[in-house]
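Student: I'd like to learn how to read a few features in a structure. Can we start with how a ligand shell is defined?

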Amino acid sequence: MRRLLVTGGAGFIGSNFVRYWINRYPDDRVVNLDALTYAGNLESLQAIETAPGYRFVPGDITDRECVDRLFAEEAIDTVVNFAAESHVDRSILGPDAFISTNIHGTFTLLEAATAAWQDASQEQRFLQVSTDEVYGSLAPDAPAFTESHAYAPNSPYSASKAASDHLVRAWHETYGLPVLTTNCSNNYGPYQFPEKLIPLVILNALEGKPIPVYGDGMNIRDWLYVDDHCSGIDAVLQGGRPGDVFNIGGINEWRNIDIVRLICERLDELRPGTGSYQDLITFVTDRPGHDRRYAIDATRMRADLGWQPAHDFETGIEATLQWYLANLDWCDRVRSGEYKNYYQNQYGERTPIP
Ligand code: NAD
Ligand code: TDX
């Protein structure tokens, strides 16, 4: 039986992970520490909120006292650190929170774990959930990122994630903390906050709003269904050795414009309007420092841990579309007043490219 501290468990991937873990390992203890920023929603956890091993704690990962208390009260032996500011565009508008949560928050968790885990008789693991964005941008024909690819972050978000990954590595090398790091590609699926590309396209289409595509729309991302990320983290927790790094990805590269068109085509069938949703596609000023291409080489996950994604893009995107269509009220509730201000700042003045 494990005793997990999951941070950021009310966000997109964290809430999917908490559900995944409780359904799979109902005897485990799962303590979810989340500050409930604009991106955290307890409604995403309704399905498991009364599960016997589950506890939600509202709190900030930068709060050392709170984190120390949880380690002591709950005898935590496993940390899965999802808590982060996660949206690249927000990091460009205001990087402060990214430095605080992603860097100082990770530092706080590392210090608390090091202090709490003096007794190494139990098996302990600190898993840092990181991203492919720390590796920077790939040329069109370059091989996909392996675990030994040099870090070259280009946005305040990816720089803050890179910094936290370096702290995690250093706490292993210097203090012997049993860390694991996963670098995952773009996730999609249920409960993703509608500021991210796929849910934003779905909702803007349904609401008849312009669908903003940055630059020429030819940037490439490698998309993984969120459940497959959860099973990947599970595999790393079971089979990874302290200090290991694993790249998790879907071997599923798509140009942004092709995803946008695919979603519009499918919505034309599912929710036919007067014209095609593709008429709403609007090319707008590019994201500054916009990485051209990400692609993950997940060979190590397959070879060492026997992991591979269970969902292909066709079934994953269909499940995602169906989930958003059935949960439009969730979307309305999470797009609070704060989100409306963000949307205006991000897209209000963005110049359409003729
Ligand atoms: P998200 O923005 O949906 O959720 C983040 C969660 O963290 C929210 O519940 C928020 O309330 C919480 N949080 C923020 N600051 C906090 C703080 N100071 N203390 C406690 N809780 C705090 O993010 P996500 O998309 O679910 O990403 C989760 C993790 O996975 C992040 O570390 C991100 O870098 C990483 N990641 C995301 C993707 C992706 O495609 N979304 C891909 C690879 C890696
Ligand atoms: O309105 C938009 N128009 C557009 O063209 C938005 C929001 C995005 N885009 C483009 C930018 C990217 O090339 O779509 C692509 C995907 O954008 P996001 O959904 O913002 O994701 P990305 O920037 O790739 O980062 C995501 O994947 C890696 C997550 O947000 C990160 O947390 C994760 O680390």
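Predicted model: local features only at pLDDT ≥ 70, side-chain atom pairs only at ≥ 80, totals over all residues.

Student: Which residues are the closest to ligand 1?

Tutor: Ile13, Asp34, Ser86, Tyr157 and Lys161, out of 29 residues that surround ligand 1. By element (helices are DSSP runs of H or I, at least four residues; strands are runs of E, at least two; both are numbered from the N terminus), β5 gives the largest share of the shell, 3 residues.

Student: Which side chains have an N or O atom facing ligand 1?

Tutor: For a polar contact, look for a pair of N or O atoms within 3.5 Å; within protein, one must be able to donate a hydrogen and the other to accept it, and residues adjacent in sequence count only if both atoms are side-chain atoms. Here the side chain of Asp60 comes to 2.9 Å from a nitrogen atom of ligand 1, and that of Lys161 to 2.7 Å from an oxygen atom of the ligand. The protein buries 97% of the 840 Å² that ligand 1 exposes when taken alone; such areas come from the Shrake-Rupley method with a 1.4 Å probe, and for residues only the protein chains shown count as cover.

Student: How do I read aromatic pairs?

Tutor: A pair of aromatic rings is described by the distance of the centres and the angle of the planes. Rings of Phe, Tyr and Trp (its six-membered ring) pair if their centres lie within 6.5 Å; planes under 30 degrees apart are stacked, over 60 edge-to-face, and the rest tilted. There are 24 such pairs in the structure. Trp21 and Tyr25 have ring centres 4.5 Å apart and planes at 45°, so this pair is tilted.

Student: Is Trp21 buried or exposed?

Tutor: Buried means under 20% relative accessible area, exposed over 50%, partly exposed in between (1.4 Å probe, protein chains only). Trp21 is buried at 1%, while Tyr25 is partly exposed at 24%. Now take Phe193 and Tyr339: their centres are 5.3 Å apart and their planes at 75°, so the pair is edge-to-face.

Conventions
Residues numbered from 1 in each chain as written. Chains lettered and ligands numbered in written order. Heavy atoms only, no water. Near = heavy atom within 4 Å.
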